[in-house]
Structures are given as C-alpha cells and as structure tokens.
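Please open the model in your viewer and keep the selection panel at hand.

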Amino acid sequence: SEMCIRDSINAEYGEGCQLAMEAGGSEQPVKLFDGRKEREHYRDLADLFAVITAIDKLDHSYTRGAVSAEEYTSACTTLLGHYKTMVASLSEKCPDVVAFMDEHRMDCQMARKRIAVGVPITTEHGGGKNNTQEGRAISEASAAFVTMKDIMGLNFEEGANVDEIVPTLRHLLNALNKVTRLPASFDKAPLISLMTKLNAMSASDVVGPTELRDILLMLENKEMDFNNALDSML
C-alpha cells in the first residue's frame with residue numbers, strides 16, 4: 001500500500017522525504033528542503049501562504065454576515081498591511097505572487113481581488129455596522145490553523161521544538177474562545193489536550209515526525225469543523 005511504501009522510504013532515507021513519480025513510473029524520495037537556509041525560505045513562503053488564506057477567509061466571513069463591518073475593516077487592514085510588508089521582503093524569493101498562488105493551487109478568488117484592490121470591502125463599496133464583535137477572532141483563528149499546519153509540515157524531517165508550536169497553538173485557542181457563537185458541537189478538547197501535553201514539556205523538547213503527522217491530521221479535522229461551524233452561524 002502507499003502507506004507501507006512511505007514507511008519503507010522513511011526507514012531507509014529518513015523522515016522529511018516525499019515520493020516523486022519518475023517518467024518510468026517508479027517512486028523516488030525527494031527532500032523537502034536541504035539545510036536551515038532553505039528551511040527558512042520555505043517558512044517565509046508558508047507565512048505568505050497563511051496571510052493570503054486568512055484574507056480570503058475573512059472576506060468570505062464578512063460577505064456571509066458573520067463579521068461586523070467595523071471588525072472586518074480593522075482585521076482586513078491589518079492583514080493587508082502584513083501582506084504588503086511580506087511581499088516587499090520576499091521580492092527576490094517570490095517576485096510574482098499571482099504565479100505563487102497559481103503554483104500552489106490556492107483557491108482564493110476573494111483574496112486575489114482584495115490584494116489587487118488593496119483596501120477592505122468596506123472601503124471599496126462601503127458598509128454599515130452590526131453588533132458582531134467576532135470578526136477579528138474568526139480571521140485570527142483561520143490564520144492560526146494554517147500557520148499550525150505549516151509548522152507541522154515544515155518540520156516532518158527533524159521534528160519541531162515545543163517553543164515553535166506553543167505560541168501559535170495558544171493564539172489559536174485564544175481566538176476560538178473569542179468566537180462566542182461557536183456551537184456547542186465544536187469540540188476544542190483535542191486542542192486543549194495538546195496544549196496541556198506541550199506545557200508539561202520543556203521548551204527545547206522535540207516533538208517527533210510521527211507525532212507531528214498525528215497533530216496535523218487532528219488540525220485538519222478541527223479546521224474543517226470550524227469552517228462548518230461558521231456556516232451554521234449564518
């Protein structure tokens with residue numbers, strides 16, 4: 001099976017390899033990155049990916065009525081500011097952001113429009129206020145989910161130190177706790193359990209590749225539950 005093949009490759013070549021299909025149909029291991037410099041390069045690109053995704057999710061939340069105009073405007077302005085700063089600093093690594101989104105198959109049409117316009121929807125089209133005070137928390141939680149998954153994926157080879165994971169996990173939990181209209185069916189227990197476990201470890205302790213995969217799967221499930229919960233809030 002594919003899982004057995006992957007386990008065999010990891011045993012022989014080490015964690016952090018992916019299988020690539022050659023022209024003849026055989027699968028060969030491919031390193032995700034080589035050395036700290038290349039690792040930081042991919043981390044910078046992962047941060048850019050996270051900001052673009054957060055802008056897209058925020059715009060979707062606003063158009064669904066789940067975010068107030070005031071909160072949306074503030075959060076979107078902040079995210080656009082982060083985006084512009086990152087693009088300027090990555091001008092050599094990523095000169096064409098549209099090509100970057102196409103290459104990574106980012107299905108984020110609203111973010112593409114927002115980035116192109118450069119201002120929030122409320123500035124572009126106007127918009128009144130409502131009583132919802134959860135916009136920033138929703139956008140922050142969405143971005144934190146993406147960042148957490150990036151941390152897992154970028155550290156499959158060597159594992160991740162506890163102090164690389166805890167700050168973003170704490171930020172994710174704080175944001176989720178501020179979304180007061182989340183239905184009771186949204187279960188935060190796995191995230192809280194992970195935080196409890198990591199808090200009991202030293203900052204320099206390493207979470208191994210196998211456990212990172214388990215955490216990644218949990219995060220993907222929780223992100224799906226979160227998006228479904230947002231839809232139920234309409």
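Select Asn155 first: this residue lies in the loop between helix H7 (135–154) and strand S3 (160–161). Helices (H or I, at least four residues) and strands (E, at least two) are DSSP runs, numbered from the N terminus. The model is predicted, so local features need pLDDT of at least 70 and side-chain atom pairs count only at pLDDT 80 or more, while totals for chains, interfaces and linings use all residues. Residues are numbered from 1 along each chain as its sequence is written, and side-chain values use heavy atoms, with hydrogens and water left out.

Is Asn155 buried or exposed? Its relative accessibility is 1%, so Asn155 counts as buried (under 20% relative accessible area; exposed is over 50%, partly exposed in between; 1.4 Å probe, protein chains only). Now display Arg39, Arg43, Ala160, Glu164 and Leu212, which Asn155 touches when residues up to four places away in sequence are not counted. Contact means heavy atoms within 4.5 Å.

Next, select H7 together with helix H10 (residues 209–232): their axes are 9 Å apart and the packing angle is about 160 degrees. H7 is therefore roughly antiparallel to H10. Axes are lines fitted to C-alpha atoms, for helices over the stretch in contact, and angles run from 0 to 180 degrees between N-to-C directions; under 35 degrees counts as roughly parallel, over 145 as roughly antiparallel, 65 to 115 as roughly perpendicular and the rest as oblique. Among the residues making this contact are Phe145 of H7 and Leu212 of H10.

Finally, select Ile52 in helix H2 (residues 36–63). Ile52 is buried, at 0% relative accessible area. Its contacts beyond four places in sequence include Tyr83, Phe100 and Ile115. The C-alpha atoms of Ile52 and Ile115 are separated by 8.4 Å, with the two residues 63 residues apart along the chain.
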